[in-house]
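Me: I want to learn how to read salt bridges in a model. Can you take me through a case?

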Amino acid sequence: MDNPIGIFDSGVGGTSIWKAIHQLLPNEQTIYLADSKNAPYGEKTKNEILELSIKNTEFLLNGNCKLIVVACNTATTNAIDFLRTSYKVPFIGIEPAIKPAALQTKTKKVGVLATKGTLSSSLFHSTSRLYAEGIEVIEQEGQGLVELIEAGKVNSQEIKSLLQNYLQPMLKANVDCLVLGCTHYPYLIKTLRELLPDTVKIIDSGEAVARQTKAVLEKHGIRNVGSKVPQENVFYSNSDISVLKGLLGEGSHKVQYLDF
């Protein structure tokens, strides 16, 4: 089935998920929607997040998407149950990788850097209870990080200063795994590596989400198994497209502004 995979996020961060999916499934065409105008979702109410998620979903369904990846931790934790019961296409969600961190930690101390909307969600707390029994989870809200990434300030001193403050209580607690609970945050890995000791493993969800996307496509019999090269991947943003272009780099894709 050569219909596209739809992907949406509160902004450009979900392109970290897109890259993992595209690497694993190069035969699939994708439509990506960056709702940067409304970023960050983590500061919004549950109802606002739900309304935006519905709007994004319906845009992608109008593009004949066969499967939708909610490439936003906050939207997943607040809206995916509703989306799954309201629409016929399969949905793939993103949630902080507590399980792999819990399996890998030796100090039994795991740090989670995420948005307020993710950390306060019932899904995050139920996942933590399920997988992190006997493990101390040090939660840290990454206030201001999404806005700086959306502004193209990935390597700025402002980002570095915020991260230094956010990592301090985790390092004091002796964490040996840091879970990135927002799809924007993988773009901070280079800076995080400078600030963290080698003993701390950084864990994000990209590869796991790509594998799950492949599994669900195959389960529903909708994977594009043809040898035909897919049409151009299309990226839409309702804000400045230069940041999106910069994060994507060179490749076979089209980036467009969308008044949305």
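Reply: We go through the salt bridges and their surroundings. This is a predicted model: local features need pLDDT of at least 70, side-chain atom pairs count only at pLDDT 80 or more, and totals for chains, interfaces and linings use all residues. Residues are numbered from 1 along each chain as its sequence is written, and side-chain values use heavy atoms, without hydrogens and water.

Me: What is a salt bridge, and how many salt bridges does a search of the whole structure find?

Reply: Side chains of opposite charge can pair when their charged atoms come close. The criterion is a side-chain nitrogen of Lys or Arg within 4 Å of a carboxyl oxygen of Asp or Glu. The search finds 5.

Me: Which residue forms a salt bridge with E28?

Reply: K66 does, with the closest N and O atoms 2.7 Å apart. The pair links distant parts of the chain, 38 residues apart. E28 sits in the loop between α1 (15–24) and β2 (30–34). K66 sits in the loop between α2 (46–62) and β3 (67–70). Helices (H or I, at least four residues) and strands (E, at least two) are DSSP runs, numbered from the N terminus.

Me: Is E28 buried or exposed?

Reply: Buried means under 20% relative accessible area, exposed over 50%, partly exposed in between (1.4 Å probe, protein chains only). E28 is buried at 2%, and K66 is buried at 5%.

Me: Where do K109 and E136 lie?

Reply: K109 is in strand β5 (residues 109–114) and E136 in strand β6 (residues 136–141), so their pair ties together parts 27 residues apart in sequence. Their N to O distance is 3.7 Å. K109 is partly exposed at 24%; E136 is partly exposed at 40%.
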